[in-house]
Amino acid sequence: MHLPRRESSALMLAALFLLAGTGNVVRGQNTPPSVNQSTGKEIETKEVQPVVKKTEPWEIKVGGPGWLANVSGITGFHGFNQNISVDVGQLLRHINVIYAFNGEVRKGRFGVLGGLLYLNAQAGTPERSGLVSKVDLGLQQFGGQFFGSYRVIDGPRGWLDLLVGFRDTYVGQQVGLQANNLAIDAASTQLVDDVAQRVGIRVSDLGTLIRTDIINKLTALDNRTPILPVGPVAEFLKGKILDAVEQQIQSQLPPLEAAIQAKVQARVNQVKTGLENRISNYLTGQLNRSFSFYDNWVDPLIGLRGRFNLTKAFYLTAQTDVGGFGIGSDIAVEVYAALGCQVTRNIYSEVGYHYLYDDFRDEGANDFLYQVSLHGVQISAGLNF
C-alpha cells in the first residue's frame with residue numbers, strides 16, 4: 001500500500017528537476033553573449049566582407065567664352081611699324097565669323113584642357129584725298145592652346161593645378177588698294193611740269209619733287225589709324241614707287257632738255273605727254289592691287305590654375321601662363337581671373353578679365369613684328385558633367 005505513494009513522489013520530484021533545467025535553458029538563450037563570443041563574431045564578419053576600392057570619376061567640362069577684347073600694340077613689316085589701337089566696338093562691327101570654345105577632361109589628379117578662338121573680319125576705308133581712293137582690310141586670326149594638368153592641392157575650399165602645354169597662333173592680314181585715277185593723272189602732270197621747269201635738275205632735287213608730288217599723297221599706305229588691327233602691309237610700296245618714277249624721269253631727261261633748249265614747243269609737249277602717261281600708268285597699276293601676309297608660330301607654355309570656393313554656389317578662379325622663350329615668341333603671357341557661379345549642378349557661368357600679350361618677330365623675308373596685346377572683359381558659360 002505504501003509503494004505507490006513513493007513512486008508518485010519520485011515522479012513529481014523528477015518532473016520538477018526537468019522544469020528547472022528547462023528554465024535554465026530558456027534563461028541561457030535570453031542572456032547576451034559574452035564579450036569573447038561577441039568579438040569572435042565581429043572578426044569573423046570582417047573577414048567575410050570584400051574590400052571595396054574607391055574609383056575616381058571622370059569629369060568633363062565644356063564652355064563658350066565671350067571675350068570682348070580690345071587690341072593694342074605695335075606691328076609692321078620691313079621695319080615699317082605702326083601703333084595699333086582698335087577697340088572691341090570696331091571689331092564687332094566688321095566681324096564676318098567668330099567662334100570660341102574651351103573644354104576639359106579630368107580623372108583624379110590628372111587632366112587635359114584646351115581652347116580655341118577664331119576671328120575673320122573685313123573693313124573698307126574710303127579715302128577722300130591722295131592717290132588711293134579706297135583701302136580694304138582683311139584679318140584672320142586663330143589661337144589654339146592645349147595643356148596637361150596635375151592637381152597639387154585639392155580640398156573642400158578649392159584646388160590648384162600645374163599646367164604644361166603649348167599655344168598655336170596664326171595671323172593673316174590683307175590690304176586691297178583702289179587707285180584714284182583722276183588724282184593720279186593730276187599728280188603725274190604736276191610732277192612732269194615741275195621737272196620741265198628745272199632743266200638740268202640734280203638727282204637730289206628730283207627725289208624731293210617726287211616725294212612732294214607723289215609719295216606724300218600715298219598716306220593711305222601707312223595705315224596710320226586702322227579700323228582693324230592690320231599692319232602697314234603695303235607701306236614698303238612707297239619706296240618702290242619712288243625708285244621706279246625716278247628711273248622713268250631720268251630716262252627722259254636728255255630728250256626733254258634738248259627739246260627745251262631748242263625751244264621746240266611741240267617736241268617739248270610730246271616728251272612731257274609721253275612721260276606723264278608712263279608715270280600715270282605705272283602708278284595706276286601699282287595702286288590697283290592687293291597685298292597679303294600670313295604667319296604662324298607655336299609657343300611652349302607653363303602655368304598655374306586655381307579655384308577658391310566662396311560659398312556653395314560662388315567661387316573665384318584664375319589662370320596664368322607664360323611661354324615662348326625664344327622658340328616661337330620671345331615672350332608670351334596670359335592672365336585670366338573671374339568670379340564664377342555654379343548656377344545648377346551642371347551649369348556654370350563666369351565674369352572676369354582676360355589679358356594676352358605676344359611679342360613675336362619673324363626675321364625672314366617680311367621681317368614681321370608683332371608686339372600686340374588683347375585685353376578685355378570675358379563672359380563665359382558652360383556645362384560640367
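**Pockets, cavities and core of the predicted model**

Eleven charged residues, four polar residues and four nonpolar residues make up the lining of the second largest pocket. The structure described here is a predicted model. The volume of the second largest pocket is about 570 Å³. Its lining comprises 19 residues, and those closest to the pocket centre are Glu 59, Arg 106, Arg 151, Trp 159 and Asn 384. Two or more lining residues of the second largest pocket come from each of strand 1 (58-77), strand 3 (95-107), strand 5 (132-155) and strand 7 (290-309).

The model contains two cavities of 30 Å³ or more. The largest cavity has a volume of about 70 Å³. Val 71, Thr 75, Ile 84, Leu 139, Gln 141, Val 171, Gln 173, Pro 229, Tyr 370 and Val 372 form the lining of the largest cavity. At least two residues of this lining are supplied by each of strand 1, strand 5, strand 6 (158-179) and strand 11. By class, the lining of the largest cavity has seven nonpolar and three polar residues, with no charged residue.

The second largest cavity has a volume of about 50 Å³. Strand 5 and strand 6 are the elements that contribute two or more residues to the lining of the second largest cavity. The residues lining the second largest cavity are Val 135, Leu 137, Val 175, Leu 177, Ala 220, Leu 221, Asn 223, Gly 231, Pro 232, Val 233 and Ala 234. Nine of these lining residues are nonpolar and two are polar, and none is charged.

The largest nonpolar core consists of 63 residues, of which Ile 241, Ile 249 and Leu 287 touch the most other members. Helix 6 (residues 237-262) provides the largest share of this core, with nine residues. In soluble globular proteins, nonpolar side chains tend to be buried together.

Ile 241 is located in helix 6. Ile 241 is classed as buried because its relative accessibility is 0%, where the cut-off for burial is under 20%. When neighbours within four places in sequence are left aside, the contacts of Ile 241 are Ile 214, Ile 215, Leu 218, Tyr 282, Leu 283, Gln 286 and Leu 287. Arg 211 is 30 residues from Ile 241 along the chain, and the C-alpha atoms of these two residues are 10.0 Å apart. For Ile 249, with neighbours within four places in sequence again left aside, the residues in contact are Leu 191, Val 195, Leu 206, Ile 210, Leu 275 and Ile 279.

Backbone geometry was considered at two loop positions. Most residues other than glycine have a negative phi. His 78, a residue other than glycine, has a positive phi near 55°. The loop between strand 1 and strand 2 (80-86) contains His 78. His 78 counts as partly exposed because its relative accessible area is 35%, a value between the limits of 20% and 50%. Asp 367 is likewise not a glycine and has a positive phi, of about 50°. The position of Asp 367 is in the loop between strand 10 (347-362) and strand 11 (368-384).

Terms used
Residues are numbered from 1 along each chain as its sequence is written. This is a predicted model: local features need pLDDT of at least 70, side-chain atom pairs count only at pLDDT 80 or more; totals for chains, interfaces and linings use all residues. Side-chain values use heavy atoms; hydrogens and water are left out. A nonpolar core is a set of buried Ala, Val, Leu, Ile, Met, Phe, Trp, Tyr and Cys residues joined through side-chain atoms within 4.5 Å. Buried means under 20% relative accessible area, exposed over 50%, partly exposed in between (1.4 Å probe, protein chains only). Helices (H or I, at least four residues) and strands (E, at least two) are DSSP runs, numbered from the N terminus. Contact means heavy atoms within 4.5 Å. On a 1 Å grid over the protein atoms alone, a cavity is a set of points where a 1.4 Å probe fits but cannot get out, and a pocket is an open set with protein on both sides within 12 Å along at least five of seven lines; lining residues have an atom within 4 Å of a point. Grid points are joined across faces, edges and corners, and a volume is the space filled by probe spheres set on the points. Ala, Val, Leu, Ile, Met, Phe, Trp, Tyr, Cys and Pro count as nonpolar, Asp, Glu, Lys and Arg as charged, and the others, Gly among them, as polar.
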